[in-house]
Structure formats: structure tokens, C-alpha cells
Amino acid sequence: MKQETGGSLTIARLSGDRPHASAKVHRERPTWQRSLHNAIRSRNELLQFVGLPVDQAPETDFRVLVTREFAGRMRKQDPDDPLLKQMLPDAAESDHVEGFTSNPVGDDAARVAPGLLHKYAGRALIITTGACAVHCRYCFRRDYPYIETSDRSHKYRDAVEAVAADSSIDEVILSGGDPLTLTDHAMAKLLTKIESVDHVSRLRIHSRIPIVLPSRITRSLIHRLQRSRLSVWWVVHINHPAELDETTLKALSSLVKAGFPVLNQSVLLRGINDNVDTLAELSTRLINAQVMPYYLHQLDRVHGAAHFEVAEDTGLALVAKLRERLPGYAVPQYVREIAGEASKTPIA
């Protein structure tokens with residue numbers, strides 16, 4: 001998410017507190033909201049946290065945001081740490097590279113109502129919020145116009161009404177931003193609206209938060225989802241095995257034990273996971289946690305992320321090696337998203 005284009009939601013708005021809430025109210029916030037409030041929010045703060053020299057590089061429009069839980073898994077004093085490289089701005093982000101745009105996956109053309117995208121048959125995606133718990137530097141929605149297209153001022157009314165008007169839609173996807181920056185109360189209200197549409201039978205939640213802010217997976221959230229008449233599926237986002245620590249695995253386990261299918265999407269990123277040992281370890285740790293490796297995405301060509309791109313030939317060779325090492329269900333499908341196509345496009 002890009003803060004200047006609409007993702008800049010204050011912590012007060014995220015939590016539902018008044019902007020000038022008292023210190024007592026602040027202390028009573030759930031653990032996950034306190035953690036988000038205390039997130040790292042500048043390049044030099046992140047460098048200091050990992051024990052690297054600060055510098056005079058200017059802050060970019062797409063500002064730094066990293067939870068301390070995620071930053072705590074980074075190796076100290078290592079500029080090549082794969083988690084750090086996902087979060088630390090790079091000078092290459094200012095390069096103008098042909099083929100890299102602000103709308104690489106066709107979100108603009110797929111918008112059918114405020115906050116609602118309809119790209120694929122039977123599925124519609126609600127942009128729940130512009131807020132995230134981390135700003136991944138390769139984010140394909142880093143320039144998404146959240147303010148202009150957000151439906152939050154109408155409590156998602158227009159988006160849900162558009163879903164209700166199209167009986168071909170039987171699955172709603174919650175995305176963003178990150179839908180889990182909504183409070184349990186806000187999430188429950190949205191869920192109730194979606195449940196009121198008779199022809200919707202499935203809910204899919206796309207979130208990086210179980211990984212970067214695992215305390216957000218609360219009992220009340222799980223219990224509300226378990227009570228839903230909808231079949232609830234989770235899609236999380238993990239790129240490297242170092243992202244999985246005890247707290248993350250506990251959060252994922254709570255979803256699995258609650259009966260929800262959990263799938264993982266990764267992005268193939270140069271210098272981060274573009275080797276077979278890393279990808280094999282990630283898939284192995286995922287299946288051991290009963291999380292299905294789902295997609296390995298070719299990088300969406302958003303401007304500012306060209307330095308992360310891995311050649312498709314390299315990706316194909318990596319997937320072939322994974323097939324030699326792992327059972328078939330542990331090998332993610334290698335895909336890319338092409339604007340205007342009717343589905344993700346398999347590469348392998």
C-alpha cells in the first residue's frame with residue numbers, strides 16, 4: 001500500500017479508538033493493536049533495529065512499515081538478510097524500467113463498484129482497507145488509489161450490493177491492504193453483510209498478518225469465522241522459511257486446528273528465495289504445519305520492484321528441481337498474473 005494515495009490510516013482509525021483517546025484506552029488495546037502502533041516506520045529506524053549504519057537516503061513515497069515481530073527474525077548486522085531486503089527501500093526503486101507500471105495486474109479495469117474488483121468467474125474481491133502491517137517493497141498495490149476507491153465510508157455497502165446483484169458470484173475474497181487490520185468487530189460486521197447474500201458460499205481471506213503480526217489471530221476472530229455459514233479459506237503470504245518462527249507457526253496452527261484450509265502464496269524474488277534449497281525448505285516447513293504451498297508467483301511488474309525480478313527460465317528450473325525433491329502436493333504452481341486474463345496463467 002502507498003500511504004500518500006490512501007493507505008495512510010492512523011492507528012486510532014484502525015483500532016476504532018477516538019483520535020485523542022486517553023492513555024488508559026491505549027493500554028486497553030489488544031496486544032496486536034499495540035504491536036502495530038509500535039511498528040518501525042522509517043528506513044533509519046529499521047537499520048538501527050538490525051544493527052546496521054544509518055544513512056542519509058531520503059524516505060520514499062512508499063514508506064517503511066515493519067512490525068517489530070517480523071523485524072526480530074532478521075539477522076543482525078546483515079544487509080543481505082532475506083527478510084530485511086523485503087522491507088528496506090533500495091535506490092533501485094527510483095529506476096524507470098520499461099514494462100513496469102503502477103497498475104501491473106489490471107486492478108483499475110476490474111473495479112466494478114467502490115472497493116470491489118471482479119476479475120475472475122465466480123469470484124469477487126473486496127478491498128477492505130488500504131492499511132497493512134508491513135510494506136513489502138515489491139507490493140503490486142503500492143500505488144493503488146485506496147482513498148478514491150475505498151468503500152469504507154459506506155461500510156462496504158456498495159461492494160456487497162454489487163455482489164448481491166450478480167448471482168454468478170459464489171466466492172468473496174477479502175484483500176487490501178490487509179483485511180486483518182480491521183478490528184474483530186469491524187470484521188464481524190462485514191462478514192454478516194456477506195453472509196446475507198444467499199448465493200455466496202465461500203469466503204477467502206488473503207492476509208500476510210498471520211506471519212508478520214501473529215498476535216492478531218485472536219480467539220474471537222476464529223470463533224466468529226467458525227460460526228459462519230460460509231466455507232472459510234485462508235491464503236497467507238510467506239516467501240522465506242526464516243519468516244516462520246514459533247509465534248507464526250502457533251498462529252497458523254490455530255487456523256488449521258479450527259478447521260480452516262490454509263494455503264500459502266510466495267513471490268519469486270531475486271536474492272531472497274531464488275534458489276532451490278530455500279524454496280524446498282519453505283515448502284517442507286509449510287506442509288509440516290499443514291499449510292499447502294499454493295502459488296509461486298512470478299513478480300508482478302509494479303514500478304519500483306524491477307530489481308526483485310527473476311527470469312522465468314530460472315523459475316522453471318527451480319520448480320523442476322523442487323519436483324525432484326518434494327512430493328507433488330508440496331510443489332507450488334508457478335504462475336503469473338496477466339491483466340485481463342480469465343485466470344492466473346501457469347508458467348510451469
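Among contacts in the chain (heavy atoms within 4.5 Å) between residues at least 6 apart in sequence, 78% join residues at least 24 apart. The model is a predicted one, in which local features need pLDDT of at least 70 and side-chain atom pairs count only at pLDDT 80 or more, while totals for chains, interfaces and linings use all residues. Residues are numbered from 1 along each chain as its sequence is written, and side-chain values use heavy atoms, with hydrogens and water left out.

Turning to the overall fold, the chain holds 15 helices and ten strands, taken as DSSP runs (helices H or I, at least four residues; strands E, at least two) and numbered from the N terminus. The chain is as compact as a globular protein of 348 residues, because its radius of gyration of 19 Å is close to the 20 Å given by the globule rule. Here the radius is taken over C-alpha atoms, and the rule is 2.2 Å times the number of residues to the power 0.38. Along the principal axes, the C-alpha atoms fill a box of roughly 50 × 45 × 40 Å.

Of the 348 residues, 54% count as buried; buried means under 20% relative accessible area, exposed over 50%, and partly exposed in between, with a 1.4 Å probe and protein chains only. The largest nonpolar core has 75 residues, a core being a set of buried Ala, Val, Leu, Ile, Met, Phe, Trp, Tyr and Cys residues joined through side-chain atoms within 4.5 Å. Leu 46, Val 66, Met 74, Ile 194, Leu 203 and Trp 234 have the most contacts inside this core. Leaving aside residues up to four places away in sequence, Leu 203 touches Val 172, Leu 174, Leu 191, Ile 194, Leu 225, Leu 230, Ser 231, Val 232 and Trp 233. A second, separate core of 14 residues includes Val 276, Leu 279, Val 319 and Tyr 334.

Most residues other than glycine have a negative phi, and most peptide bonds are trans. The bond from Gly 176 to Gly 177, however, is cis, with omega near 20°, and Gly 177 is found in the loop between strand E4 (171-175) and helix H10 (184-195). Gln 77 has a positive phi, near 55°, and sits in the loop between helix H5 (68-71) and helix H6 (82-87). With 61% relative accessibility, Gln 77 counts as exposed. Gln 290 also has a positive phi, near 65°, in the loop between helix H14 (276-288) and strand E8 (292-297); at 61% relative accessibility, Gln 290 counts as exposed.
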